[in-house]
Amino acid sequence: MPTPAGANPAARPELRALRRRPLFASLAVPALLFAAAVGVLAVLWTVQDTTTVIVVRHAEKQLDAGKDPLLTAAGIARAQHLAKQFGSAGLAAVYATPYHRTRDTAAPIAAAAGLQVITTDPKDVAGLVATILADNHGQTVFVVGHSNTVGKIVQAFGGTAPDEFPETEYDHIYIVTAPRFGRTRTLHLQQ
């Protein structure tokens, strides 16, 4: 219907509706879509940029068997159980010290993951952490340590664990997720 001469064109209902809608309302949908896209990209970037480190003490060792004892039957069973738990976890590397007890704990896990055990110096926790962050950044790795190194390894990644464990405890599993930015998280399990 045409507007009579001299009538206010804003009096038409469709023109009044246009006048009442603020400018930001027409930009709200694109702004929300942009914010959602940025949020999704941030989550994906964070996930890709997070290093996950699974740290355990070697399995049960033979007592009074010298400085480099082998695993007991219970230790061999524990190593096999760890391989079943973590062998298919998408591991990029398996690290252990050069002793029989750590290598023998790590070997079934590495075999299940199709990897070789990488030998590390038990006294160089800082070097191990630097190697993992350089060679395995954004990946999942498995580390077999000792009663006096597991806690230090977890702490070096920013996680929480006691400095040492009693010689009789072999069942602690620490899963440390260390993002490049943000807070490191530690999951402590016992098997």
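Me: Thr 50: buried or exposed?
Reply: Buried. This is a predicted model, and in it Thr 50 has a relative accessible area of 16%. The cut-off for buried is under 20%, so Thr 50 falls in that class.

Me: Which element is Thr 50 in?
Reply: Thr 50 belongs to strand 1.

Me: And what does Thr 50 touch?
Reply: Leaving out residues up to four places away in sequence, Thr 50 touches Gly 138, Gln 139, Thr 177, Ala 178 and Pro 179. Pro 179, in strand 5, is also the residue that stands opposite Thr 50.

Me: How many residues of strand 1 are buried?
Reply: Eight of the eight. Strand 1 is therefore largely enclosed by the rest of the structure.

Me: Which residues sit on which side of strand 1?
Reply: Thr 50, Thr 52, Ile 54 and Val 56 are on one side. Thr 51, Val 53, Val 55 and Arg 57 are on the other. Both faces are covered, and Arg 57 is buried along with the rest.

Me: Why the every-other-residue pattern?
Reply: Because side chains in a regular strand alternate between the two faces of the sheet.

Me: OK, zoom out. What's the strand order in the sheet?
Reply: The order is 3-2-4-1-5-6, six strands in an open sheet with mixed pairing. Strand 3 (117-119) and strand 6 (185-190) are the edges, each pairing on one side only. On average, neighbouring strands are turned by 25° against each other, direction ignored.

Me: What packs on that sheet?
Reply: Helix 3 (residues 73-86) does, touching strand 1, strand 2 (91-96), strand 4 (140-145) and strand 5. The direction of helix 3 makes about 35° with that of strand 5. Helix 4 (residues 100-113) packs on the sheet too, with contacts to strand 2, strand 3 and strand 4. Its angle is about 165° with the direction of strand 2.

Me: Back to strand 1. Does it run parallel or antiparallel to strand 5?
Reply: Antiparallel. Seven bridges join strand 1 (residues 50-57) to strand 5 (residues 172-179). Val 56, for example, has Ile 173 as its bridge partner in strand 5.

Me: And with strand 4, parallel or antiparallel?
Reply: Parallel, over six bridges. Ile 54 shows both pairings. It stands opposite Phe 142 in strand 4, and opposite Ile 175 in strand 5.

Me: How many residues of strand 5 are buried?
Reply: Seven of the eight. So strand 5 is largely enclosed by the rest of the structure as well.

Me: What about strand 5 and strand 6, how many bridges there?
Reply: Six, and the two strands run antiparallel. Ile 173 pairs with Leu 189 in strand 6. Strand 5 and strand 6 form a hairpin, with five residues between them.

Me: Which residue in the turn has a positive phi?
Reply: Gly 182, at about 105°.

Me: I clicked Arg 185. Where is it?
Reply: Arg 185 is in strand 6. It touches Ile 175, Val 176 and Thr 177, again setting aside residues up to four places away in sequence. The C-alpha atoms of Arg 185 and Gly 159 are 6.2 Å apart, with 26 residues of separation along the chain.

Me: New topic: what's the volume of the largest pocket?
Reply: About 180 Å³.

Me: Which residues line it?
Reply: Lys 67, Tyr 99, Arg 101, Pro 122, Lys 123, Val 125, His 146, Asn 148, Thr 149 and Lys 152 line the largest pocket. By class that is three nonpolar, three polar and four charged residues.

Me: Which residues lie nearest its centre?
Reply: Thr 97, Thr 120, Pro 122, Leu 128 and Ile 153, out of 14 lining residues. Strand 2, helix 5 (125-135) and strand 4 each give two or more residues to the lining. Strand 4 has the largest share, with three residues.

Me: How does the cavity lining divide by class?
Reply: Eight nonpolar, four polar and two charged residues line the largest cavity. Pro 122 turns up here, and it also lines the largest pocket.

Methods: Residues are numbered from 1 along each chain as its sequence is written. This is a predicted model: local features need pLDDT of at least 70, side-chain atom pairs count only at pLDDT 80 or more; totals for chains, interfaces and linings use all residues. Side-chain values use heavy atoms; hydrogens and water are left out. On a 1 Å grid over the protein atoms alone, a cavity is a set of points where a 1.4 Å probe fits but cannot get out, and a pocket is an open set with protein on both sides within 12 Å along at least five of seven lines; lining residues have an atom within 4 Å of a point. Grid points are joined across faces, edges and corners, and a volume is the space filled by probe spheres set on the points. Ala, Val, Leu, Ile, Met, Phe, Trp, Tyr, Cys and Pro count as nonpolar, Asp, Glu, Lys and Arg as charged, and the others, Gly among them, as polar. Two strands pair if DSSP finds at least two bridges between them. Helices (H or I, at least four residues) and strands (E, at least two) are DSSP runs, numbered from the N terminus. Axes are lines fitted to C-alpha atoms, for helices over the stretch in contact, and angles run from 0 to 180 degrees between N-to-C directions. Contact means heavy atoms within 4.5 Å. Buried means under 20% relative accessible area, exposed over 50%, partly exposed in between (1.4 Å probe, protein chains only).
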